[in-house]
Amino acid sequence: MGHFDSGLQGSGVYGFNWWVNGILPNGERKWPDAPPGTFGAWGHNNNNIFIIPEWNMVIVRLGLDQSDGEITDKIKSQFIKKISESFN
């Protein structure tokens, strides 16, 4: 069986099929605008789920727009920042 290299860096941020807001090799968090305990899963067609224990919150996004472009970690972090701003 050949080795599959997706080019994704998962050190400290991926495990047990969940992405976590751990520390990347560059010393930054995966989603800098999200609480440290945030974790999530990504599925086909930009279906996403975030679990944010610090806010007692689960966010689910049902998408059918993957062909329009990927929702990047930067976009995900900005989205979570907007949610945190709504608390004020």
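I began with the aromatic rings and noted that Trp31, Trp42 and Phe50 form one aromatic cluster. The model I am reading is a predicted one.

**Rings.** I counted aromatic pairs and got 5. I took Trp31 and Trp42 up: their ring centres are 5.8 Å apart and their planes stand at 75°, so I logged the pair as edge-to-face. I then looked up where the two sit. Trp31 is in the loop between strand E2 (18–20) and strand E3 (39–43), while Trp42 is in strand E3, and the pair links parts of the chain 11 residues apart.

**Cover.** I checked accessibility next. Trp31 has 0% relative accessibility and therefore counts as buried.

**Charges over rings.** I looked for charged ends above the rings. The charged end of Lys76 sits over the ring of Trp42, 3.7 Å from the ring centre. I also noted Lys30, which lies over the face of Trp19 at 4.2 Å from the ring centre.

**Whole chain.** I read off 5 strands and 1 helix. Along the sequence I wrote the order down as β-β-β-β-β-α. The chain has 88 residues, and I found that 26% of them count as buried. Its accessible surface comes to about 6,200 Å², with 56% belonging to carbon and sulfur atoms. Last, I looked at contacts with a separation of 6 or more: residues 24 or more positions apart account for 22% of them.

Definitions and conventions:
Residues numbered from 1 in each chain as written. Predicted model: local features only at pLDDT ≥ 70, side-chain atom pairs only at ≥ 80, totals over all residues. Heavy atoms only, no water. Helix = DSSP H or I, 4+ residues; strand = E, 2+ residues; numbered from the N terminus. Buried < 20%, exposed > 50% of the residue type's maximum accessible area, 1.4 Å probe, protein only. Contact = heavy atoms within 4.5 Å. Areas by Shrake-Rupley, 256 points an atom, 1.4 Å probe, with all protein chains shown as cover. Phe/Tyr/Trp six-rings, centres within 6.5 Å; stacked < 30°, edge-to-face > 60°. Lys NZ or Arg CZ within 6 Å of the ring centre and 35° of its normal.
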